[in-house]
Amino acid sequence: MTTQPAGTTVHSSQPYNAEPPRTALADRDLTPVDAFYHRNHAAERPRLDPATWALRVDGMVERPATFSLDALRERFREHSEVVTLQCAGNRRAGLMEVADPPGETPWGPGATGTARWAGVRLADVLREAGVAPGATDVAFTGADVAEEADEPYAVSVPLEKALADEVLLAWSMNDAPLPSAHGAPVRVVVPGWIGARSVKWLERVTVADEPSRGHFQAVAYRLLPADDAPAPGRGVALGPIAVNADVLSPADGAEVPAGPVRVTGDALAGGDRTVVRVDVSTDDGATWHEADLEPQASRWSWRHWHTTLDLPAGTTRVVARAWDSAAGVQPADPAELWNPKGYVNNSWARVTLHAVASGGG
Ligand SMILES: Nc1nc2c(c(=O)[nH]1)N[C@H]1C(S)=C(S)[C@@H](COP(=O)(O)O)O[C@H]1N2
Ligand SMILES: [Mo]
């Protein structure tokens with residue numbers, strides 16, 4: 001298949017779900033395609049022929065239309081954006097330490113990655129079709145059928161987001177043709193929103209006056225109170241990502257020389273917010289010091305940060321938390337975030353480093 005980095009975790013092979021180790025994400029604006037996480041719901045990956053593929057635009061539009069790949073390329077201008085995708089289940093493993101949400105993938109912190117995506121603006125395609133009055137939502141349907149849903153993967157976003165400049169129908173990832181595993185020939189990219197809305201193997205865009213009734217909109221990817229259970233329409237549909245961060249280097253559990261150690265990580269604000277501050281603590285949050293933020297590759301991408309910690313010999317737990325431009329800050333404790341489907345673990349990032357005194361033995 002691909003040459004994934006050493007330390008990649010394959011959670012399941014059918015459906016294929018895999019995440020890279022933290023170090024593969026560290027200190028790079030763009031995640032190499034081979035290190036990009038895979039999140040699938042269907043056992044079989046659709047293999048669509050770009051020569052015969054067509055996108056249907058229907059529902060509440062004045063001019064329902066079908067576009068071949070060539071027609072999309074010819075009719076609309078190409079745009080690109082650097083965008084971080086992040087699964088709502090990213091860091092679920094931390095919630096599973098509290099209690100097990102049964103049947104869910106135990107994602108570590110690697111269900112996120114950043115790529116340069118290029119394609120056409122969804123807004124341009126919708127304007128060509130003419131959105132009818134009264135429309136409120138835009139649904140995306142993929143070609144894959146998951147066992148748990150018994151229907152093609154389908155979710156929606158509010159019309160307002162669908163019409164935003166940053167939402168793309170992408171055919172390219174990191175300046176190469178979009179790989180089949182990531183949704184070729186065309187996938188949706190919804191910057192700032194949970195990865196689940198960025199539908200792969202896109203076949204249909206449907207304008208409607210209600211959110212999608214698809215399983216992955218109506219039942220899954222919803223936040224439920226701890227004492228509730230998933231059912232159609234229960235809980236709150238997840239949309240914009242909540243502020244989150246991780247320590248990416250040195251690796252969790254690494255041995256490092258005692259003394260000054262450069263520690264780096266990523267942070268993502270979500271929605272149209274930005275990361276404005278990251279704090280690091282070596283005493284479990286009793287005291288914090290502010291890390292330095294790297295420039296952001298785009299307003300839709302994560303923000304890397306770095307700091308230097310003076311580590312005494314022995315074991316230190318390094319804790320990090322990010323703040324966003326709406327003054328949102330990550331909460332300390334995964335226990336208060338626990339929810340039946342195991343989404344949105346944005347509790348403080350924690351890694352353990354073992355510092356070894358050098359010289360003199
Ligand atoms: N058609 C389709 N689109 C999909 C999915 C899927 O299973 N089928 N998974 C979604 C989820 S939950 C995430 S997090 C992202 C993952 O994208 P990637 O596999 O390219 O990283 O795709 C989204 N789009
Ligand atoms: Mo996801």
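These notebook entries record what I looked up in a predicted model.

**Entry 1. Annotated spans**

I began with the UniProt record. An unreviewed entry there places the feature "domain: Oxidoreductase molybdopterin-binding" at residues 45–215. I looked up the composition of residues 45–215 and found 15% helix and 36% strand. The end C-alpha atoms of this span lie 18 Å apart.

The UniProt annotation "domain: Moybdenum cofactor oxidoreductase dimerisation", also from an unreviewed entry, covers residues 242–354. For residues 242–354 I noted 0% helix and 50% strand. Here the end C-alpha atoms are 31 Å apart.

I next asked which residues come nearest to ligand 1. There are 18 residues around the ligand, and Y37, H41, D144, H182 and K200 come nearest.

I then looked up individual atom pairs. An oxygen atom of ligand 1 lies 2.7 Å from a backbone N or O atom of Y37. For R39, a backbone N or O atom is 3.0 Å from an oxygen atom of the ligand. With H41 the side chain takes part: one of its N or O atoms is 2.7 Å from an oxygen atom of ligand 1.

**Entry 2. Nonpolar cores**

I turned to the interior. In soluble globular proteins, nonpolar side chains tend to be buried together. In this model the largest nonpolar core has 66 residues. Those with the most contacts inside this core are W117, F140, L169, L202, V205 and Y221. Strand β9, residues 168–173, supplies the largest share of the core, with 5 residues. I also checked the domains: the core draws at least three residues from domain 1 (9–237) and at least three from domain 2 (244–356).

**Entry 3. S172 in strand β9**

I returned to strand β9 to examine S172, which is found in that strand. Is S172 buried or exposed? I classed S172 as buried because its relative accessible area is 11%, and the cut-off for buried is under 20%.

I then listed the neighbours of S172, leaving out residues up to four places away in sequence. S172 touches R116, W117, A118, P177 and L178. One of these, W117, is also among the residues with the most contacts inside the largest core. Finally, I noted that the side chain of S172 reaches the backbone oxygen of A176 at 3.5 Å.

Terms used:
Residues are numbered from 1 along each chain as its sequence is written. Chains are lettered from A and ligands numbered from 1 in the order in which they are written. This is a predicted model: local features need pLDDT of at least 70, side-chain atom pairs count only at pLDDT 80 or more; totals for chains, interfaces and linings use all residues. Side-chain values use heavy atoms; hydrogens and water are left out. A nonpolar core is a set of buried Ala, Val, Leu, Ile, Met, Phe, Trp, Tyr and Cys residues joined through side-chain atoms within 4.5 Å. Buried means under 20% relative accessible area, exposed over 50%, partly exposed in between (1.4 Å probe, protein chains only). Helices (H or I, at least four residues) and strands (E, at least two) are DSSP runs, numbered from the N terminus. Domain bounds come from an automatic or database domain assignment. UniProt positions are given in the numbering used here, feature names are shortened, and annotations may be inferred rather than shown by experiment. A polar contact is a pair of N or O atoms within 3.5 Å; within protein, one must be able to donate a hydrogen and the other to accept it, and residues adjacent in sequence count only if both atoms are side-chain atoms. Contact means heavy atoms within 4.5 Å. A residue is near a molecule or strand if one of its heavy atoms lies within 4 Å of it.
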